[in-house]
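Reader: Please take me through the terms used for this structure and what each one rests on.

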Amino acid sequence: MLTKNLFKKPNNTLEWYDKHTQATLPDIPDDMCVSCPDCKAILLKGDLNERYSVCPKCGHHFRINARQRIGIIADGDSFTEFDADMRSSNIIKFPNYDKKLWHARLESSENEGVVCGTASIGGFKCCLFVMSANFMMGSMGTVVGEKITRLFEYATENSMPVVGFTVSGGARMQEGILSLMQMAKTSGAVKRHSDAGNLYTAVLTDPTTGGVTASFAMEADIILAEPNALVGFAGPRVIEQTTHQKLPAGFQHAELVFEKGFIDDIVSRDKQKEYITNILSLHAAED
Amino acid sequence: MDAYERLKAARAKGRPTGLSYINNIFTDFTEMHGDRRYGDDKAIVAGIGRLCGMPVTVIAHEKGVTTKEKVRRNFGAAHPEGYRKALRQMKLAEKFKRPVVCFVDTAGAYCGIGAEERGEGQAIAENLMEMMTLKTPVVSVFIGEGGSGGALALAVADEVWMLENAVYSVISPEGCASILWKDSSKVKEAAQCLKMTAQDLLYMGVVERVIKEPEDFGTLYPQLQKDLFDKLLSLKQKDVRCLLENRYGRFRKFGDEH
């Protein structure tokens with residue numbers, strides 16, 4: 001019956017796939033394949049990993065974690081991590097925050113929502129930060145703010161360029177106003193780095209929203225984005241609820257934000273290393 | 001009063017809005033309009049006036065008092081052009097060596113299609129970055145609601161003061177409740193958890209001063225006028241490098257214990 005399914009919550013494609021394909025594909029272990037949420041193609045995970053986690057059929061960019069990202073962008077084992085042990089605590093005693101942090105650490109195998117350090121990209125030394133979607137959706141609390149600020153301060157002291165990959169749901173409300181203060185703090189560090197004549201390139205990945213968009217994501221000299229990444233300040237659902245308007249097609253997708261003039265270029269994952277190497281090279285100090 | 005009661009007071013009908021402060025504290029106020037990019041946002045009032053004779057730049061959120069005015073002012077929720085207008089006036093203040101006074105009263109930056117398309121996030125980000133190194137003293141006073149990035153974009157200041165019933169938070173308690181508990185009626189609990197009152201923020205070092213609210217707001221203005229004048233005068237006498245170093249340090253300290 002049509003009416004029966006009318007108000008059903010949409011199925012999460014991946015979950016749906018996992019649940020419903022076991023009967024038809026009994027010999028293949030669950031974790032060997034995934035289905036593309038865009039074109040529904042069934043892909044072997046091994047193949048996907050070799051292709052930067054981009055769907056070979058339609059180009060959909062799967063979300064990847066910070067370590068995979070570093071593996072793609074940095075030369076060999078050039079990455080040296082800073083402040084790896086820095087952990088958040090429940091400063092304002094927000095209900096259930098301790099438990100959330102514990103889960104996030106377990107789920108992501110990271111101590112916090114951003115990984116920072118130095119690396120070389122195409123032979124060019126730089127400071128690198130990569131946010132992690134699987135740690136409380138890359139939300140910015142005091143540790144994320146502090147790590148990013150320290151990285152920019154280090155880069156300023158050592159006259160190094162910064163390359164950063166953003167993914168974030170925004171400021172972390174469990175740390176209250178102190179999260180909001182991180183927006184000003186990181187912005188100050190970016191400004192000092194910029195005023196000293198250093199280059200900062202940001203790559204906005206899906207999704208980059210809220211307090212991160214309204215601070216260091218939008219403050220780079222060169223702003224790139226991954227295809228189809230959601231880039232915005234307020235979330236689409238909140239806007240729909242507030243304005244009671246239907247959002248236009250492609251709203252807040254990187255391609256439209258690019259059309260509006262807020263992004264320099266959309267660069268697919270397989271081209272990013274080459275692209276950033278070229279940018280770093282164009283800004284490298286002449287001997 | 002608990003956090004929720006203060007929140008209600010901050011939003012109460014009849015509470016003085018930005019323009020009351022401007023009209024009662026400054027003389028010769030002349031409003032300046034437009035961001036020179038797109039338009040003039042009525043949710044933010046900006047201009048030049050005198051504070052006890054000293055020329056200053058004044059920027060304020062204005063929510064509006066009557067219903068008609070509220071709609072015209074978009075309830076104090078600014079679009080990107082509002083923040084760009086504010087920044088333009090701050091840059092002029094820097095050029096002409098005038099201090100800046102901001103009055104913050106907003107539920108947040110407007111979330112709508114046009115605001116997003118014209119770069120709400122980028123506009124706020126630019127203000128945060130530029131205000132951090134603005135070579136003139138800045139004092140921000142929270143007079144009602146201080147909603148997230150939309151409030152912070154006028155509050156990267158040398159000192160931040162708050163009226164005792166003003167609030168300042170990373171997210172509205174309604175938003176917090178609906179995300180955390182999927183229940184927007186738990187506003188009271190959320191307001192408590194977020195530590196959004198002036199007293200909480202003073203304790204955390206987010207604001208320097210909490211201003212007592214008299215029964216009759218009319219008696220508040222002369223004292224605030226004098227306090228602002230004294231503060232700006234002493235900030236003006238500081239060496240600019242020292243001023244900016246302190247401003248950076250003011251925000252740098254949040255979370256540096258890790």
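Reader: What makes the span of H5(A) close to the expected one?

Author: Helix H5 of chain A (residues 97-108) has 12 residues and reaches 16 Å from its first C-alpha to its last. Helices here are DSSP runs of H or I of at least four residues, numbered from the N terminus. This is a predicted model, where local features need pLDDT of at least 70, side-chain atom pairs count only at pLDDT 80 or more, and totals for chains, interfaces and linings use all residues. Residues are numbered from 1 along each chain as its sequence is written, with chains lettered from A and ligands numbered from 1 in the order in which they are written.

Reader: Which residues of H5(A) are called buried?

Author: Tyr97(A), Leu101(A) and Ala104(A) are buried, that is, 20 or more other C-beta atoms lie within 10 Å of their own. They lie on the same side of H5(A) because they cover an arc of only 65 degrees around the axis, taken from the directions from the helix axis to the C-beta atoms. The face turned away carries Lys99(A), Trp102(A), Leu106(A) and Glu107(A), which are exposed, the term for 12 or fewer such atoms.

Reader: What makes Tyr97(A), Leu101(A) and Ala104(A) part of a core?

Author: A nonpolar core is a set of buried Ala, Val, Leu, Ile, Met, Phe, Trp, Tyr and Cys residues joined through C-beta atoms within 7 Å. In the largest one, of 143 residues, Cys102(B), Leu128(B) and Met162(B) touch the most other members. Apart from it lies another core of 5 residues, among them Tyr97(A), Leu101(A), Ala104(A) and Phe135(A).

Conventions. Helices (H or I, at least four residues) and strands (E, at least two) are DSSP runs, numbered from the N terminus. The expected span of a helix is 1.5 Å times one less than its number of residues.
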